[in-house]
Structure formats: C-alpha cells, structure tokens
Amino acid sequence: MRFWEKLQFLLGFSCPTQSETGESDRPGPTSEKRNARARKRATSKKPGELVRLSATSEIALSKALKALEPGQKGWISFDDAARLFSPNGEPPSEWDSEERRAFGEFAARIEHRSTPERNTAQQRIYFTRIRTLNL
C-alpha cells in the first residue's frame with residue numbers, strides 16, 4: 001500500500017483492497033481520462049489568443065483580467081461596458097472624458113495591468129495585459 005492510500009485508510013476516507021502482490025486493486029487513470037486532460041491543456045489560453053472576458057459584474061471582469069497572461073488580449077462588448085461603467089447606459093462611443101478616464105483607470109489598476117482599446121466597427125473593447133519586467 002502506498003503512503004497516500006495508507007493515510008486515506010487511516011483517516012477513514014477509503015478502504016482499498018489488497019491483492020497478493022501488495023498493490024491496490026483500484027484501477028489507475030484510464031487512457032480516456034489522460035487524453036481528456038491532454039486535450040484540455042492543448043486548448044488552454046495561450047498568450048496570443050483572443051478571449052471573451054466575463055463581464056457580468058466589475059468583480060467578474062476584474063477576475064477575468066487578472067487571469068489573462070502577459071501580452072494576451074481579451075474583449076467585452078460595448079453593451080457590457082455600458083452596463084458596467086456608464087450610469088446612463090450610454091455606449092462607450094458616446095462617453096464623455098470623465099467616463100473614459102474612469103474606465104481607463106479601472107483597466108490600469110495594478111491588479112489588472114491592462115490597456116483598453118475601443119473598436120467601434122466590432123462594437124468591442126479589447127484589453128491587452130501589459131507585459132512586465134521581472135527585476
């Protein structure tokens with residue numbers, strides 16, 4: 001019995017059966033599980049990949065910005081930006097300088113470290129995570 005199995009057995013989490021060879025009869029991870037994990041890693045977000053950010057609330061957008069890799073781009077729609085950052089619900093193309101400044105400050109916060117870029121043709125706001133130097 002391996003250490004982890006012994007510990008689980010002693011704590012009452014599992015009761016593995018023993019075969020004559022001393023190995024547990026529990027099957028290991030199947031090849032399907034391994035393949036699923038490999039596919040998940042292969043489809044994970046890469047620094048150059050464009051990602052739709054969650055904008056259900058400012059907190060959700062903040063978490064999504066923190067999850068971006070340095071150099072990676074994410075986007076939200078104009079509707080999401082208007083709902084989150086404009087008291088009147090105006091689209092970003094109609095924001096005054098104060099609303100644009102507040103939005104830029106949100107993106108530039110130390111935990112977000114991103115630059116916003118408005119694209120009126122696609123009705124999206126793109127955020128690019130700033131690459132930082134490690135000194």
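Two aromatic rings of Phe, Tyr or Trp (for Trp, its six-membered ring) count as a pair if their centres lie within 6.5 Å; planes under 30 degrees apart make the pair stacked, over 60 edge-to-face, and the rest tilted. By this rule the count comes to 4 aromatic pairs. The model is a predicted one, in which local features need pLDDT of at least 70 and side-chain atom pairs count only at pLDDT 80 or more, while totals for chains, interfaces and linings use all residues. Residues are numbered from 1 along each chain as its sequence is written, and side-chain values use heavy atoms, with hydrogens and water left out.

**Rings that meet**

A pair of aromatic rings is described by the distance of the centres and the angle of the planes. Here are two of the pairs:

| Pair | Distance of centres | Angle of planes | Kind |
|---|---|---|---|
| Phe85 and Phe106 | 5.0 Å | 55 degrees | tilted |
| Trp95 and Phe103 | 5.4 Å | 65 degrees | edge-to-face |

Phe85 belongs to helix H4 (residues 78-85) and Phe106 to helix H5 (residues 97-108), so the pair links distant parts of the chain, 21 residues apart. Helices here are DSSP runs of H or I with at least four residues, strands are runs of E with at least two, and both are numbered from the N terminus.

Are these rings, Phe85 and Phe106, buried or exposed? Both are buried, where buried means under 20% relative accessible area, exposed means over 50%, and partly exposed lies in between (1.4 Å probe, protein chains only). Trp95 counts as buried because its relative accessibility is 4%, and Phe103 is buried with a relative accessible area of 6%. Phe85, Trp95, Phe103, Phe106 and Phe127 form one aromatic cluster.

**Charges over rings**

A charge sits over a ring if NZ of Lys or CZ of Arg is within 6 Å of the ring centre and within 35 degrees of the ring normal. Arg124 lies over the face of Trp75, 3.6 Å from the ring centre. Lys73 lies over the face of Tyr126, at 5.5 Å from the ring centre.

**The sheet and its helices**

Let's step back to the whole chain. Its secondary structure comes to 5 helices and 4 strands, and along the sequence the pattern reads α-α-β-α-β-α-α-β-β.

In which order do the 4 strands of the open sheet lie? The order is S1-S2-S4-S3, with mixed pairing. Two strands pair if DSSP finds at least two bridges between them. The edge strands, each pairing on one side only, are S1 (50-52) and S3. S1 and S2 run parallel and are joined by 3 bridges; Arg52 has Trp75 in S2 as its bridge partner. S3 and S4 pair in the antiparallel sense over 6 bridges, and Glu117 has Tyr126 in S4 as its bridge partner. Trp75 and Tyr126 are also the rings with charges over them, Arg124 over Trp75 and Lys73 over Tyr126.

S2 is mostly covered, with 4 of its 5 residues buried. In helix H3 (residues 58-67), Ala60, Leu61, Ser62, Ala64 and Leu65 are buried. The buried residues of H3 pack against strand S2 (73-77), H4, H5, strand S3 (114-119) and strand S4 (124-129); contact means heavy atoms within 4.5 Å.

**The chain as a whole**

Of the 135 residues in the chain, 28% are buried. Among contacts with a separation of 6 or more, 45% come from residues 24 or more positions apart.
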